[in-house]
Structure formats: C-alpha cells, structure tokens
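Me: I'm new to reading protein structures. Could you show me how to look at disulfides, step by step?

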Amino acid sequence: MIVSDLLALGLIQIAEGSVVSTGDYDKDFFVTWSPSHVNTSADGRERSLKLDQESGAGFASNQMFLFGEIDMQIKLVPGHSAGTVVAYYLTSDQPNRDEIDFEFLGNVAGQPYILQTNIYADGFDNREERINLWFDPTQDFHTYSILWNLHQIVFMVDWVPIRVYRNHADKGVGFPRWQPMSVKVSIWNGDSWATRGGRDKIDWSKGPFIASFKDYKIDACVWNGNARFCRVESDTNWWHKDKYSTLTSTQRRLFKWVRKYHLIYDYCHDNQRFQNNLPKECSLPKY
C-alpha cells in the first residue's frame, strides 16, 4: 500500500512537472541579449530577431526541461544571408554541457540554405551533420522539432525525421539524459565559418537580416530538481512510451529519403577528420 501511495504521489508530481506551453513568447521566454533587436507581436504569438552591424539577438525559455518534444515554426533570413547563423537549440549551460542543436547557415542568394545539427553529451560534441533543405525556408514558416526521450533524439523538419541519435549509453556512447536544458534561439554573425568555411562573409549592405518565429509548442517535463519524475513513463510523459522508442516504418522511409538525396555531410563518414577512428556510435544502429 505504501508503495502504491508513493507511486501515486510520484505521478501527481510528474503531472505538475510537465507543461504544454502557452504559445506566448512574452510569457514563456525572456530576452537574453539585445532587446532592441527583438520584436514581438502585440499578442505575443510571433517574434522576430534582427542581426545588423551593431548586434545580433537571442531569447531563452523561462523553464528548463528534461525530455519531451519542442516544435517551433521558423521563417529564415531571405535573400543574401551568407555568414548569418540562426540557432534553435536545447542546452544545459554546464561546463560538461548537453546540447541538441539546429543551426541554419545562411548562403549567397540563389544557393540553398544549409541546416546543420549537432549534439553535445557530457561536454563533447564533434557530431555535426548537414543537409540541404528541399524547400526555400525563407518564403514561409516551417516546423522544426526535437523529440528527446530515453531511447532517442529525433530531429524533424515538417515532421520528416532528418536525423536520429539513439541512446547507446550502455555501450559507452554519450547521450543527454541527466541534465535539464532550456530552449534557446538566436541570430548572430558566424561569417568566420558558416558559409563555405568562412569564404563568404556577411554583406552588411544587404541587411538588416531578420528571422521570424511563431506557433511554438513545448510539451516537456519541467525540471523540478528530481530527474526521477521526468524519466518515468506515464500518460503525461508520453514521449517515453514504446511507440516513440524508434522510428515508425513510414518515418524510416522518409529518413532514408533525406539521407539519400539531401545529406551533404555526416561526421560518421569523415574518416580523415577522425583519422580512421570514427566515434563508437557510428557503427551502432540508429533504430
């Protein structure tokens, strides 16, 4: 009876520790830098960030989370955006930080936007992948999602899985699973590396450079100091359920399509970089 009472109490606390966001940027986020370069609609539902020669800008979630799904609709910088970087990511901000990154790398007009993803686990990264998007991400809003559970991390674009990183911690592979993370968004000058390895610089005469955001959804376990509440499977912590432990057959077909036609860099194929000693996860299954 005591065990069941404790379990019931745990489930109540779990429910209190999970959230579906308000959809209001002013309520769920705070501006981290350059408020003059952040513009939010009167109803709080849309926000834009501006980059010019003076500054970039950024904002971050008020809460930290341990597992869940985060969706955000983004319209990227139009026209000549070479050298600009728009980042949308989860980070624990610890010295041995965990991080799950979307980075959108601007390009010269007429060339495709490059989407780079990366994962930090226990302070180590070097897990970059890059794809060319199959649409113009500057013409309209598209949904970019992160599903993060005990089994896998799935990056999705308009619900198409573009990258999967499985939890192989039992085989000695780093996986973000203990550190809570906040949601962060920023735009900044990355022209030392972002476009053709830094060969294409920002043309400030084409600015200001503006990225827009709307209709975000954070369905995740709010960190309350005890990882147990976020790690248990429940109706509230739906992301841990078995059906989300791997890709569905339809998702696998879409994932393979992205890898075949749109992948332009995968660290797991870069033998030169790793001197023929690829990271352990490269030889392990993705699903």
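Reply: Happy to! Keep in mind that this is a predicted model. Let's begin with the handedness of one link: with -75° about the S-S bond, the link of C221 and C230 is left-handed.

Me: What is a disulfide in general?

Reply: A disulfide is a covalent bond between the sulfur atoms of two cysteines. Here, the sulfur atoms of C221 and C230 sit 2.2 Å apart, and the two residues form a disulfide.

Me: How many disulfides does the count come to?

Reply: The count comes to two. The other one joins C268 to C282, with 2.0 Å from S to S. The link of C268 and C282 is left-handed, with -80° about the S-S bond. This pair links distant parts of the chain, 14 residues apart, and both C268 and C282 lie in the segment after strand 16 (263–266).

Me: Are these cysteines buried or exposed?

Reply: Let's take them pair by pair. C221 and C230 are both buried. C268 is buried because its relative accessible area is 10%, which is under the 20% cut-off. C282 is partly exposed, as its relative accessible area is 24%.

Me: If I number the bonded cysteines in sequence order, what is the pairing?

Reply: The pairing is 1-2, 3-4.

Me: Which residues touch the most other members of the largest nonpolar core?

Reply: Those are Y88, F104, Y144, W148 and F213, in a core of 66 residues. Strand 15 (residues 209–222) gives the most to this core, with eight residues.

Conventions: Residues are numbered from 1 along each chain as its sequence is written. This is a predicted model: local features need pLDDT of at least 70, side-chain atom pairs count only at pLDDT 80 or more; totals for chains, interfaces and linings use all residues. Side-chain values use heavy atoms; hydrogens and water are left out. A nonpolar core is a set of buried Ala, Val, Leu, Ile, Met, Phe, Trp, Tyr and Cys residues joined through side-chain atoms within 4.5 Å. Buried means under 20% relative accessible area, exposed over 50%, partly exposed in between (1.4 Å probe, protein chains only). Helices (H or I, at least four residues) and strands (E, at least two) are DSSP runs, numbered from the N terminus. A disulfide is a pair of cysteine sulfur atoms within 2.5 Å.
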